[in-house]
Amino acid sequence: MKPVRRWLPCAFSLLLAIFHPSAAAETEADRTPHAEYLIRNWSTVDGLPDTTVRAITQDRHGYLWVGTAGGIARFDGIRFRSFTTGNTPALVSDNIYDLAEDAFGRIWFATSHGLAVREQDDFRWYDSPDGPGSNPVFGVAVDGSSQVWVQFRDGLLRHDGTRFQTVPADPSVTQLIVDPSGQIWAGGPKGVERWNGTAFVPVPGTVAVDSMTVDGTGKVWMLRFPNDLSVLESGKVRSMPSPGPGWFQALSALPSGDVWVGARVGNESVRYRNGSRHRVDATDGLHGARPVCFFEDRAGNLWIGANRGGLFRLREPRLKLYRTGTDLPPGAVMSVAADPAGTLHVGIMGAGLLAFDGNRFQPVSVGDPRSPLFLATSVIAAREGGVWTGTQFGGLRRWTDQGLSGPMGRSVGTRALLNDRTGRLWRGSFASGLDCHEAGGIRTFTRTNGLSSDSITALAEAADGSIWAGTEKGLNHLVDGKVTRFGTADGLGHEWVRSLCVDARGMLWVGTAGGGLSAWKDGHFITLGVSHGLPNGRIDLILDDGQNNLWVGTPSGLTRFPLADLQQFVLGQGRTVHGTTFGAEDGLPVPQFGTGFHPAAMTGADGKLWFCSDSGIVMIDPSRLRDPAPAPKVHIEEVWIDGTRLPAVVPRQGVDLPPGTERLEIVYTGLELSAPDRVRFRYRLEPYDPEWVDAQDQRSARYSKLKPGTYQFRVDAANNDGTWSAPVDGLRILVQPDFWQTPWFRGGLGAGGLALAFLVLRMRVRTHARRRDVEESFTRQLIESQEHERSRIADELHDSLGHGLLVIKNRASLAVGQPADPTRLVQHLREISTMATEAIREVRAIARNLRPFQLDELGLTKSIAAVIRNLADSSDIEFHVSLDPVDDALAPDARINFYRIVQECLNNVVKHSQARSATVGLRWNEHSLRLTVSDDGCGFRTPEPTLLAAAGFGLGNIAQRARTLGGQATFESEPGRGTRVTVEVRTVVARPTTLTSSHTQTFRKAAV
């Protein structure tokens, strides 16, 4: 129960200047260390009704209820749902003083105008004659017997489950609380009193209190104006260290054992824990006029309600961050390692080398640009003592207590260092290959030795003592000096290797640049990506903590994966993995891990883990992470049908969807207040969804046009530790059928269907016979047309070309017979030349009739334009033409067919339409050509599609050619209303995005 206060006498404010001198306050505050908390604040911009928060509690379902000066809010960690007099008239007042939940799940609200209660999603104003009426209610509490206690202006009331009864009590009582055992306590100017079942009994030794609380051990904490704090224990009162020199008023004991005291003026809050005292104030992120109430939820989060400051959540960090620029000198943290004595060393680009003394990092090599270690990149233990340090330029140097050694090895930049089990030191460079420092000297491996690249990015030692070397162009395996290369063809997620690790079981893990995490298994790699549960595809850091966990650093944070889950995925026994991620919500300003240099992570001798990040050095104590957080509690909150929200009680009773329902939306939530942003959901509508749907952080499910039947909706949630809750019992959904979907209708429809099927079968038999006759007629006409065409060509060859050749032959014979007459000889030769020219023209004319030469010389588009221009010149019809450039749309063999279709359509217009104007359009759609030819002529009665061939060979020819091209032709015409022919055929390629727009012009007969 949160403390509830009446208005204090105004005289207290006059004494504030005496008891709260600012200089003394600053001195006292300086002596009280700050508590380490991650603080987050919510205000009205986040959905809170008001920034003055007076009361907080958590109901049995896990929701956080917040009472403010402007209404009530229910909070699931992500969304606030507000209840005010504007949307909940039963409240009567928005000014909330206190709230409490009873054993029946009802939530009672103390307001400035009386008492309200929420029961089964409904609010009602408690206005019974035995209640407080419209008087201000300052406090409400529920004791161990589930009785509700109410403190109002005229005294105390107790609700026995049926009605309120007046409780004999001193009217000057200013506070009513319930201790963890359910005992009721009261406090005021006359001291502390305890309820014995029939009356309040004074507690000996207590004096006037302004605020009080009882902790889990039964100790009574008492606060008197302005900052006198004391504790009643075993019948004795003893003074406690003052929370500070100011004026304090809020006092609350939490389930964890902490006791918090809040300032009456200012935003300082002081924590008492195990005899120590720490504070949190504006410098830590608190703001507002003063803290009003304190509450601890079931996950151990501390919530503070502030006057005009909103709602605050305080979480103790799971990691320790040594910030660059604060705990560390400015510069990028590159590498971390411990020397043989166990001292931790850190290399910082631009600041040199630092050593950890147990509390802070101290420079051992000053960050002087003239120092050889100014640009430190990689650090690793030296077996001889101290650490080896590589830099961006130059050779290796060893640092010990005696100082810095001279450079060793080649003067090339260092990117990765590794000590193998045989005592060799391996050094990977930026662009000069790999060095192995051993007793006999230095061996160097480069591309000439078989490496895939000279840019070495990461190193690891396999269980058999061989060496893995990652590069920017693949992975290399060195066995007895021989190099084997691996890449994406072997299953590696990406060619660029950014990190390597061999776990305690001997499995190699490879972090890649965007390709995820790859594991070496049975001669090939198995890769996990973002779709399998990784927070990011770029893996910059990998560490086995020795406790069956693999830590993965990415630009999205640091994630811990159980090795058992990873092994199951590698063995094909799992589809996804889930890890615990540490990021911005854990106090990391820049949650990017990994530096591009190695080693960038290590396990200390005490089991603590150290990681390099863009925020600084991160330390995690795995012993504090052994107990996973409880699974989120899942609730179905709302159901929407076609945009209309159903009443709140509907989800518990099930949902009946009326016939014709288009959309169904189910809104759910998972209550996890520590890391609500990392709650993940999966849902399933049985039997509609064959498997669980991975919803990630989406908090609603949408379905459209569900078939009639009964469904069951289930939803499940997992927290940041990967702990899944049990799916909720489910939401029953009944989709009611339309009349035509009912069994009786279907039965009648089936009977009618059988009769209809019989009729359709007979009609299909007749139609097939009719179509067969039409096709046979069309085939005969086609054969006749082909024979006619052959006869025409034969006649032309015989009558025209044959006659010309005969004349040429005769003229040649005459010329041969008159060699002595030059004049006659020249005349014969001239006639031969003339007749030969005419023969050549006739051959070309015959060839043009067989295949238009324009298609080859001009292309399809210009050929069509030429045909239209010639027809316009030879007729009185005006042609309006709009053509897309379609030369590449059809295969060469298909172009002549399409050209013939255009010719046939245009010839029909000229010969039969009697039109004054015609329109020709050719469009290249995405995957088809669309030809439209229309006129304003006499028109005709359009035959049935199956009778086109019989109606006229011209229409049938057009339709048949269109079918040959994989398309179809449609004819629209009526007598006196013109004709419209539309032909659409498939293209071999899609319309180019760069295709120019169509060209529109008009063709008409030239004026004489």
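View 1. Trp426 is buried, as is Phe445, where buried stands for a relative accessible area under 20% (1.4 Å probe, protein chains only). The model is predicted, with local features needing pLDDT of at least 70, side-chain atom pairs counted only at pLDDT 80 or more, and totals for chains, interfaces and linings using all residues. Residues are numbered from 1 along each chain as its sequence is written, and side-chain values use heavy atoms, with hydrogens and water left out.

**View 2. The aromatic pair of Tyr37 and Trp260.** Rings of Phe, Tyr and Trp (its six-membered ring) pair if their centres lie within 6.5 Å, and planes under 30 degrees apart count as stacked, over 60 as edge-to-face and the rest as tilted; by this rule there are 41 aromatic pairs. The ring centres of Tyr37 and Trp260 are 5.9 Å apart with the planes at 55°, so this pair is tilted. Because Tyr37 lies in the loop between helix H2 (22-31) and strand S1 (38-42), and Trp260 in strand S23 (residues 259-263), the pair ties together parts that are 223 residues apart in sequence; helices (H or I, at least four residues) and strands (E, at least two) are DSSP runs, numbered from the N terminus. Tyr37 is buried, with a relative accessible area of 12%, and Trp260 is buried, with a value of 0%.

**View 3. Arg682 over two tryptophan rings.** Arg682 lies over the face of Trp692, 5.4 Å from the ring centre, and over the face of Trp724, 4.0 Å from the ring centre. A charge sits over a ring if NZ of Lys or CZ of Arg is within 6 Å of the ring centre and within 35 degrees of the ring normal.

Conventions: Buried < 20%, exposed > 50% of the residue type's maximum accessible area, 1.4 Å probe, protein only.
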